[in-house]
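Please keep the structure in view while reading.

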Amino acid sequence: MSHKALSPAIYGLIAEFDTSTELVEAAQAAYAAGYRKMDAYSPFPIEEASDAIGFHKSRVPLVVLLGGLLGGLSGFGLQYWINVIAYPLNIGGKPYDSWPAFIVPTFEMTILFAGLSGMFGMFALNGLPMPYHPLFHVEQFSRVTRDKFFLCVEAADPKFDIVDTQRFMQSLKPVSIAEVPH
Amino acid sequence: MEKESPNKPEAVCPGKLELAEVKQKLARAKSGPQYWRSLEELAQTDGFYEMLHREFPRQASVWPEGSPRRDFLKLMSASMALAGLAGCVKLPLEPIVPYVRQPDEIVLGRPLFFASAMPFGAYATPVLVESHEGRPTKIEGNPDHPAGLGGSDVFAQASILDMYDPDRSQTITYRGAMSTWSAFTEALKGPLNSEKAVSGSGLRILSRPFSSPTMASLMEAVQAAYPESKWVKYEPVNRDNVRAGSQLAFGEFVETRYNLGKADIILSLDGDFLSSGFPGFLYYARTFAARRNPDLKEKMSRFYSVESTPTNTGGKADHRLPVRASEVAQVASAIAARLGVGSGATAKPEHQKFVTALVKDLQAHKGAAVVIPGDNQPPAVHALAHAMNAALGAVGNTVIYTDTVEVKPQIQTDALKELFGDMNAGKVDLLVILGSNPVYDAPADFEFAKAMDKVPLRVQYGLYQDETYDHVHWHINGTHYLEEWGDGHAFDGTVTITQPLVAPLYNAKSAYEFIFSLVGSSEMAGYDIVRKYWQGQMKGGDFDAAWRKAVHDGFVANTAFPSKNVSAKGPTLSPTTGDKGGAPDTEVMFRRDPLIYDGSRANNAWLQETPKPVINLCWDNAVLISPATAKKRGLVTGDVVEIDINGRKVKGPIWPQPAHPNDSITVFLGYGRTKGGRVADGVGFDAYEIRTSDAPWIANAKITKVGSGYGFADPQGFQYIDYSDLPKGTEPLKNRHIIRKATLADFIQNPNFAHEEEESVPPEMTLYYPYQYTELKWGMTIDMNSCIGCKTCIVACQAENNIPVVGKEQTMRGRQMQWLRVDTYYEGGTENPAVYYQPVPCQQCENAPCEVVCPVGATVHSTEGLNDMVYNRCVGTRYCSNNCPYKVRRFNFLLWQDWTTPQYKMMRNPEVSIRSRGVMEKCTYCIQRITHGRITAEKENRSVRDGEVITACQQACPAGAIVFGNLNDKDSRVSKIKAQQRNYSLLEDLNTRPRTTYMAVVQNPNPELEQSESS
Amino acid sequence: MSQGPEEKTGLLDAPWQDEPPVLTPGQSYGSVTDQIADAVLTRPIGLGWLAGLAIGMGLVALLGAAVTYLFLVGVGIWGINIPVGWGFAIINFVWWIGIGHAGTLISAILLLLKQTWRNSINRFAEAMTLFAVACAGMFPLLHMGRPWLGYWMFPYPNSMGVWPQFRSPLVWDVFAVSTYATISAVFWYVGLVPDFATMREKAQSRYTKSIYGLLAMGWRGSARHWKRYEALYILLAGLATPLVLSVHTVVSFDFAISIVPGWHTTIFPPYFVAGAIYSGFAMVLVLAIPIRHFYGLQNMITMRHLQNSAKIMLATGLIVAYGYIFEAFIAFYSGSTYERFMMENRWFGPYAVFYWALILLNLVVPQVLWIPKVRANTTWLFLISLVILVGMWLERFIIIITSLSRDFLPSSWGHYVATRWDYAVFAGTLGFFAAAIFIFIRIMPAISIFEMRQLLPESEVKAK
């Protein structure tokens, strides 16, 4: 347990792969080996990857739903309040509560709020913007936005052991393995 | 002749820029803003600085008559720093009497109303003048005046703009340089004394005809002082034919007055008695309309018109016979012969049917028929008319003869000819021109300017430094009738008093004061002159009270001329075919312009921009020609032709006009001004150039095409409800049920004819809960049977609501601003179509399509059901206009309001906000008047009385066609009218539920002629 | 190998023999990345590009001048009048908005329909959308009588307590167009983030590096991020799809809600949307064909894309044709004298020549797209696209001008003639659009890089 004390010294260990398949298999193996605090990195979305690391549900849809509801309700509410309560006017003999006419702005407000909350929600949940991240220290990691695939097991994982984990990673036959400093 | 002009700088100081020129340059500028800009531009020229240096006191020596520096400063302030005016409104010193006795039918709110009279031609038109804080802002009809009956005409309505015209002459000048009244009187002492010596044999006074008793007394005074002098009265649009006619018939000048209220059958021989400017127009319009009400059943009058130039009068006829002006005489004599008057020619075959039926009708209504000849018809026709009226027993019933209203009538052309001769013969030493502009409007064969320049001393008194100004030594700037005390006789002789609303804007003398100064040893104020005269007249009783009442009412009750017994000298006349000369090719008919009149109103932008009755042309006079003749001659709209009358030539653009007689053209007088002002100059062509003394109304000419592509401003164009140049296969527009009409017979049979074919939606057919208008619910009806299409309402609306003028170019682009328009529809070919007039203000729809589409709520409904326009809120998307099926909304595409010219600031109605660029505007039912009525009613804790609120158009309408009021009041006139079956709303099938509705047209054709003319 | 893409593409895109591939074989993650990124990062600035940009900017300057004069003097400098209260401004507005629609359609609807061929054209199609909407967005403001009060169209609390009038289609426009612009921008930016990360890594100068870095927001391709990212991307597509259909529907309400003959018709919404996509795809081709040619992207924007676009144009064109025919049919079937006259006026009236030109350009000419050979010929496609763009502009001219110039009361009929200022503003927006496109292709990856990677066969995860 002595070297466990070392663990905070680094962010984690990262393994580099050439194909998405290798990455997914590696991730599945790591998950099977009991690692949880880990993440897979790829130049394009890979559904299997997130499943492999045990991340199955995103809360983005919920955020979008709530945003949409808020937009729709406030949109119609505003119009109703203006035309019926705040400043009722006889417009061309139409009723104060001309709800059919209010549908269009209501709809647009729904879409607008849903879309914006979705974008901000997604970035927030992803913890972005994050200009600094330990992984950026790893020089070959820059190719994650081009053609390389990475699996990173974080030191914060209870099962993480600088030696065992490194050995385990070797077993995954990656292109390379590197320590990720803080 | 330019060289001889004493006003040219050469005369005083060669080669230098003169103040006169400065002012001319200023006057050239078109609008207020440019007015100032042009001053700056001017300031850049070397000539300007040079002039300034020369004019400054140090060099005052170069000034003629040694006028002091004060004058120069005055001039500068007058002609350049007018801004001061807006501040200082001067009330006249004399006690003028506000119109406080309120007849039940109108309430006069804070703005005070003064009764006054507008001198027009030889007659006085009664008016009420609305005055805000001492500034006259609006002219209305005087409801109490027996000759006015509450209506007014376009000239009265527009005269307010004349008074505030920044182009008015503002100073006394001598040889074009600024001078003073004292200098003038001094300068004239000598000449006048020498005239006295020769008992005035060298003195000539040239004025327009007038009816003012006071002026008559002054005239006598002049005669007394200068027995040999001659006072010549001339106006280009004169009534010489009328005078000559009455001389032919009775051997003396008499005034003819018609009582259309008693007339069952009216025959007009080119008599344009329903157009502004015809003596007695207001009275005739009202009485005519009254007898055209179909509810009178068979008592509804029938109107035959034998007409040359199409007029709005002819448009009202049940049967109209379009003939050349020269043919009228023939038709007339044919009719006369059948009535047993004169040997009489026989009518042309194509006229036979008309004549036969007409004569039968006339004879059937002896004592209730009337024949009205037109001023432009030769004396013979007038004589015939007198004879016919006698034969029909009209005299005493529908026709009344009285003494002439005009003072000392003359055959004006002859008088002018004599003056012309005297001037050429050098018999004239001193010529005083009183308000007329002979250099512009005298017959072309006189070459008046040349003759005039032979007179040693020429004095002009007038409102404008016009064409004549270039040929006079002294120019005395005159007063507008709203600035002076005066009097006159209405067409029926009723004594009518003119009281001033403001002191003269430019410190001017009134004509009375001016003439008085010629005779009187001392000066006397206009007020005293007029009052003193009437003191002499109103003998017995309390004069002050009588005078006060006269001024208050604007007239002296029961002073209409009594009818006079004259007997026609028997029908021994062989009618000529009208005065004409030259090789016959095309007949030219000279007509006064319906709006510009003889040119004296040419600088009035309101009149210029109002579409002419029937013709719907504005900002131009044109060569009117029948479409058939145009086709025959290969002429199309906009072709420019040269009219050649015995070598005198003028060029004008062609305007094919339906209902115009063939082989003839009509030219309107009054255009082509060269020194008329910023508005008048360069508009149209000058028909006076080819108008000679021997053929003032009808002449023969050659026309040859010399150009093409002239652009007209015609806001409406021609609209046929049954046929037109519409895309082929298009169904007739009558399917739109815009004009609903029937003959009297049909109406009596089926009073509901107006609703036969309509596809209206019943009010209960709605998903909504309709709004309830509980207290006030404004509505308007327009009786298309009464409407005579005179366009007075348009000008009234323009004056009341501060509506800007946009000019010809913008009108051509379809951007005219008048809130109210009078649509004219034709029916049945171009030869002799039926004509319908439909005034269209905002319809004030209850389901207003305009409101729903406004994104900012700038147009919303009021609790009184008005379609309110909130100018401040408007952002100018113009969607409301697109969605308005009646297209009554007007948009300020550019900045058209003149914010700078100080006179206009004084003129505007302070109760109507002035719209600027980018804002939509429209008829509001004169909301400012409604508010006045409501406030008054609330103060007195009662509901608004019927007739308490009168819109501007309603007040102005001489025919009383427009009725406005509260629809919730079941007894209001408007409710009663709307209850009638003739009442219908425009485009009913759109379910806009307009508050403005129309009374369908009912014509009263002669059954015998119906078939042939039914269209 | 080349089977790869087809495996990924669903039934809806079942390939057959003569169909060219979406992505030519023999590419790798690296090659696509470099090809697209280098077009921005390393490719030298060409003369053609400079010339194009110069022309665009010149027209933008013209726009500036025209707008300045417009604000100084007023909308009276245009040909509009009473009764024709709307002129070029609204025509251009509708035209531009319509063009925008193709972008959203490609990026959203085709995404939902799993049309993988969209991947190589959606990026610049979206950019096109944004710029088109920007052009369109100018006009509602410019055409106001008092544009400095344009903000009154938005609901904001104020001391007067007055608000917009929500029954007016113009207010609906404000909501629809602003929402459309916002969501399109969001969609576009979200799509760009991973590519910005790529640019960040590939950029040489630290200056550009840091700019792309900021835009990338520290994207590092984490599986968790991708998961949420994909979720949002699909949701945005789901939101944008009804939105894009709604926008032109709302625009069509500007006319359909009114009572003007020729405007007041229920067929407008579908036929406006179809027309929008019609003109949109025409614009896509007008842009795509030169771009792929000059930037050598034939391997990514293949004939497959052009042919599919052509097919969509043909389809939507037929819907539009149906619209025209039914407009005419209803005009007579309705029995309304105004409607009948409106149609006859279009056929024989003063603007008939424009109507028949519209029929020729919009209905007749595009029928040649039935011929496969034409669809396979870039020159033909380019020309036909131009023709369609003109035709769709004419359609709006006919709808707006012809209907307004002759409506209910003949006394108020008028005529509309555009002034040089009308043309100046229109040309100005064309220049703005061109300039924007030129700048875009120089500073951003014109093709979505990470989505191109997905098209590679090896992107598949092979199950054991």
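How much area do chain C and chain B bury between them, and what share of it is on carbon and sulfur atoms? The two chains bury about 4,700 Å² between them, 55% of it on carbon and sulfur atoms, where buried area is the accessible area (1.4 Å probe) that two parts lose on being put together, summed over both.

This is a predicted model, in which local features need pLDDT of at least 70 and side-chain atom pairs count only at pLDDT 80 or more, while totals for chains, interfaces and linings use all residues. Residues are numbered from 1 along each chain as its sequence is written, chains are lettered from A and ligands numbered from 1 in the order in which they are written, and side-chain values use heavy atoms, with hydrogens and water left out.

**Interface of chains C and B**

- Contact, taken as heavy atoms within 4.5 Å, involves 59 residues of chain C and 55 residues of chain B.
- Of the area that chain C buries against chain B, 15% is supplied by C:I82, C:L409 and C:S411, more than by any other three residues.
- One salt bridge is counted between the two chains, the term meaning a side-chain nitrogen of Lys or Arg within 4 Å of a carboxyl oxygen of Asp or Glu.
- B:K887 and C:D407 form a salt bridge in which the closest N and O atoms are 2.8 Å apart.
- On the side of chain C that touches chain B, α11(C) gives the most, with seven residues; helices here are DSSP runs (H or I, at least four residues), as are strands (E, at least two), numbered from the N terminus.

**Salt bridges over all chains**

- The whole structure holds 64 salt bridges over all chains.
- A:D18 and A:K148 meet through their side chains at 2.4 Å, N to O, and this pair links parts of the chain that are 130 residues apart.
- A:D18 is partly exposed at a relative accessible area of 36%, whereas A:K148 is buried at 11%; buried means under 20% relative accessible area, exposed over 50%, and partly exposed in between (1.4 Å probe, protein chains only).
- B:R291 and B:D264 form a salt bridge at 2.6 Å, N to O, and because B:R291 lies in helix α11 of chain B and B:D264 in the loop between β8 and β9, the pair ties together parts 27 residues apart in sequence.
- Both partners count as buried, B:R291 at 10% relative accessibility and B:D264 at 12%.

**Aromatic rings**

- The search finds 91 aromatic pairs over all chains; rings of Phe, Tyr and Trp (its six-membered ring) pair if their centres lie within 6.5 Å, with planes under 30 degrees apart counted as stacked, over 60 as edge-to-face and the rest as tilted.
- B:Y925 and B:F964 form an edge-to-face pair, 5.0 Å centre to centre with 75° between the planes, and since B:Y925 lies in the loop between β33 and α30 of chain B and B:F964 in strand β34, the pair ties together parts that are 39 residues apart in sequence.
- B:Y925 is buried at 1% relative accessibility, and B:F964 is buried with a relative accessible area of 2%.
- One aromatic cluster in chain C includes C:F88, C:W95, C:W96 and C:Y351.
- B:R691 lies over the face of B:W697, 4.7 Å from the ring centre, where a charge sits over a ring if NZ of Lys or CZ of Arg is within 6 Å of the ring centre and within 35 degrees of the ring normal.
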